[in-house]
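Please open the model in a viewer and keep the selection panel at hand.

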Amino acid sequence: MSTPATIPAAGTAAGIPAVTDQSASLLRGNQEVLTFTIGDQNYGLDLLSVREIRAWTEVTPLPNTPPFVRGVINLRGAVVPIFDLRVRLGGGVTNPTSANVVIVVEIGTESCGLLVDTVSDILALDASALQPVPATAADEEHGFLSALATHEDRMVALIDVNRLFSKGVPALPAAA
């Protein structure tokens, strides 16, 4: 069994402004992102929000949770919720296999795991590679997208984890 890869934390994510302000901010500077796939779509997360990358392991399901909540795992003594990012992005439920990956991120002061298909690479994107999210996609359902990046022959949608769950990390039912 392989040991999960760990990405050292280089800092913490700052408070994130509105979509247009975030896009403008991204367009002015460089950003390192961890890229991953869900189906044939490419996405990226700010590297500073990523705490570690783990192989898929079974979760303990919880009753009465939103459809994107797969359950929880014990991560070095901490209970961490695992969210199916495919469901959150409107693509249906993931049938996880040993090839799937969990990206552990920090949202505010909480950690959670994001179930994705594969992790691709780390990109250092300069301002010329970043484009604002078109107004047609910057609505309530896509407010978690901060920018679109072009890299080689692919488009990468950058996700702002602080806005991924509009009201913060969903509260999980209390243990009985």
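Two strands are said to pair if DSSP finds at least two bridges between them; strands (E, at least two residues) and helices (H or I, at least four) are DSSP runs, numbered from the N terminus. This is a predicted model, in which local features need pLDDT of at least 70, side-chain atom pairs count only at pLDDT 80 or more, and totals for chains, interfaces and linings use all residues. Residues are numbered from 1 along each chain as its sequence is written, and side-chain values use heavy atoms, with hydrogens and water left out.

Select strand β8 (residues 110–116) together with β7: the two run antiparallel and are joined by seven bridges. Leu115 in β8 is the bridge partner of Val102. Move to the hairpin of these strands, where two residues lie between β7 and β8 and Gly108 takes a positive phi near 65°.

Colour β7 (residues 101–107) by accessibility: six of its seven residues are buried (under 20% relative accessible area; exposed is over 50%, partly exposed in between, with a 1.4 Å probe and protein chains only).

Now turn to the aromatic rings. Rings of Phe, Tyr and Trp (its six-membered ring) pair if their centres lie within 6.5 Å; planes under 30 degrees apart count as stacked, over 60 as edge-to-face and the rest as tilted. The count by this rule is two aromatic pairs. Select Phe36 and Tyr43: their ring centres are 5.8 Å apart and their planes at 25°, so the pair is stacked. Phe36 is buried at 0% relative accessible area, and Tyr43 is buried at 13%. Finally, select Phe68 and Phe83, whose ring centres are 5.6 Å apart with planes at 70°, so this pair is edge-to-face.
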